[in-house]
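Welcome! Here is a friendly walk through a few spots in this structure, taken one at a time.

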Amino acid sequence: FLTDFFHDISPWGNKRNHGTKVGKRIMAITIWRLCGRAPNSRQLLVTACFLFLFWCLSLYRVTTINQSRESDLLKAEIIRLSENYVRALARENSDIVDGPYAGRFTAYDLKKTIAVLLESMLDRIDHLEAKVNITKLGGLFGLSSNSSQHLNNNVNPAKGIINAEDVINGVTEECALTAEDKQLFPNCEGKVMWMRQMWKSDPCYGAYGVDGSECSFVMYLSEVEGWCPKKAWRGKVQIIPEDTKLIRYANISTDIEELMKVLVDPNERQGYAWIRMRIRRMWPRFSKAMKSLQLKQDMNGRRKKKILVHLGLLSKQSGWKFAESQFKGGPLGELVQWSDLVATLFLLGHQLTITSEAEQLAGILNKLPAANSPCQSRKELPVDIIYTDIVGLRQFKKHVKGGYGKFSCLLRIVDSFGTEPAYNLRSWAKAHKILTTWGGQDLQPQQFFTMFPHSPDNSFMGFVVEQHLNDTNVVKIERRNQALVYGKNEYMWEGKAAYLEVIKSLVEIHGTVYINTEAKNKTHTIPSYVNNHGLLNGEDLHTLLRQSKIFIGLGFPYEGPAPLEAIANGAVFINPKFNPPHSSKNTKFFKGKPTERKVCIEYLLSRKKKI
C-alpha cells in the first residue's frame, strides 16, 4: 500500500520504473525497521519528514504543470469576451468620440479601446500570477515580505505609450503647436479649425482615424496631408534616411525624337502640329543652351519628377479653336510659351505626360485611387507637378471635385495676363463684387506663370525670343525702307485706314495676313497698297523682319512674342496709345480677366521716347 501511495505522489510520476524502484527500496527499509523492533521517537520523526517532503514536491508539480495551461485558457477566454463586449459597445455608440485618445489611422474607431482594455486585464493577470507564485514560494521557503515586494517589482508591466490608468484618469495626449511650428507650417492652424467643423463631411476622415479630438486632427493633418508638423504629437521625430537606390535622377536628354513620341496628337485635329514645328526649328538652339548651362552649374543629383502637362486651350471644350486656327492666323503667343515649356522640361530629363483633351485628363485621373476623395495623401499621387491653364484648371476641378485640395499645391497655371491676389482669393473677390470667371482659384499668386512680368505677385515664365542675327544667311540682308504690320487677321485692320495712310507716306507697308478664300461675299479690309505675303514660316518671317525698319502695331494684339522678335532683328516697334486706357471696365477683351491692369499709358510712352 505504501509503495503504491508513494508512486502516486512521487514528483517523478512520469518516470514510472525509476519511481517504483526507489519507492520500494525506501519503503522496504522503513517497514523492516518498524517491524524488526518497536519504533522510537527519532525514527518516527525521520519517517514524518520523508512524508512531508514528498507532499511538498507533489504540490509543486501540480501547481507548475497546470498553472500555464489554465492561465492560457483564461487569457483566451478574456480576450474573446472583451472583443464581443467592445464590438457591441461600438454598435450602440458609433457616434461617440473614442475617449480622450484618437484611434490613430485605423478604420475601427474603438481599436485603441480594445487595446487598453486588454492591456488592463492582462496586466492584472500578470500581477495575480506573480503574487500567487510569491505567496507559495514564500510560504514554502520562508521568503521575507521585502523579498516578495522585490520579486513583484520585477514583473514586466505593459509598456505601451498609453495605459489604462491614464484613460481612467482622463489624461489627454499633448498635440500642442509651438511658435516655431506655426511659423514653419502657417496653414496648420487654419486646417485644424476647418477639421473641427468639417471632419464628418466625408467618411474618409473616419477611415483615417479622425474621431473629433484635437490630436486626431493634428495626426491626420501631419501624417496624411502634411499641413502640420509630426513632432507636434510624436515628440522628437527621428528622420529615417531615404534609400538612395530607390531615387530616380534626371539626366539631360537631347534626343528630339523621344520628345516627338510624347507629343502625339490625341485626335485628327492635329493640335500639337505647330508646337512640334517650332520645337524642331528651335531644337539646335535649345540643345546648345542646355550644354552651356551644364558648363555653368552642376546638373547632377536632380530628382526626376513626374510632370503632367495639360493644354486646356487646345481642347474641344474650350471653344477657342486654337487647334483649327494655328495655321490660319490664329493666336500663337500661347503656343510659343507652351512649346518652350515642354522642350525645357524634356531637356532637363523629367518624365512628361502631355494631354490636351478633357477625355485624356479624365482617363489619367480615373486611374488614381479615390481621386475625388478629399482625404487622399499626396504621397499616393502619381505626379509631382501639373502644368495647365485656366481652361485646363476648370476641367481638372470638374473631375476631381472634392479631391481638388490635395492637388492644389502641385498646380502651375500658365496665365498670359496674370491673376492679381484680390481676384484670386474667392472670399475677398466675392465680398467686394469683383469675382470673375477667370478668378477665384484660391491658389498662391506665385502659382500663376505669366508671359510678361506684369505683376511681382505672379511668377514670370516668359518665352524664348527667336532671332537669327548671327546666321550667315541673315547678316548679309540689307535693310529696306519698309514697315511690317503686326496683325495676321483682317479684323485687326478694321478702322486703321487713316493711321496706315500716315505711315504709307513715309515707308512701304508689308503684311502677313491670312486671307480666307473660302468666305463668299466678304469685303476685305486690307488696303490695296499693302504688300501682303500671307502667313510665313519662321525663317521667312524673320528674313522679312530683318529687311524692315519698323514693326507697326495696330493696337491689337496688345502684346506677344512678335514685337520682341522684331526688336531682336533690328526693327523699331511702334503701337498706338489708347485714351482712355483699355481695361476690364471699358474693353470687351479684358472682361472677366482677373486684373485691374490698364493698357497702354506708361508702357507706350517709354517706348515712344526710345523711338
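Ser548 sits in the loop between α23 (538-547) and β10 (550-553); helices (H or I, at least four residues) and strands (E, at least two) are DSSP runs, numbered from the N terminus. This is a predicted model, in which local features need pLDDT of at least 70 and side-chain atom pairs count only at pLDDT 80 or more, while totals for chains, interfaces and linings use all residues. Residues are numbered from 1 along each chain as its sequence is written, and side-chain values use heavy atoms, with hydrogens and water left out.

Is Ser548 buried or exposed? Ser548 is buried, because its relative accessible area is 0%; buried means under 20%, exposed over 50%, and partly exposed in between (1.4 Å probe, protein chains only). Its contacts (heavy atoms within 4.5 Å) beyond four places in sequence are Arg479, Arg480, Gln482, Ala483, Leu484 and Ala571. The Ser548 side chain also takes part in the two pairings below. A polar contact is a pair of N or O atoms within 3.5 Å; within protein, one must be able to donate a hydrogen and the other to accept it, and residues adjacent in sequence count only if both atoms are side-chain atoms.

| From | To | Distance |
|---|---|---|
| Ser548 side chain | Gln482 side chain | 3.1 Å |
| Ser548 side chain | Leu544 backbone oxygen | 2.9 Å |

Next comes Lys306, found in strand β1 (residues 306-310). Lys306 is partly exposed, as its relative accessible area is 31%. Setting aside residues up to four places away in sequence, Lys306 touches Gln351, Pro382, Val383, Asp384 and Ile385. Lys306 and Thr353 are 47 residues apart along the chain, with 7.9 Å between their C-alpha atoms.

In soluble globular proteins, nonpolar side chains tend to be buried together. Trp283 touches residues including Ile256, Leu259, Ala343, Phe346 and Leu347.

After α17 comes Lys401, with a positive phi near 50°.
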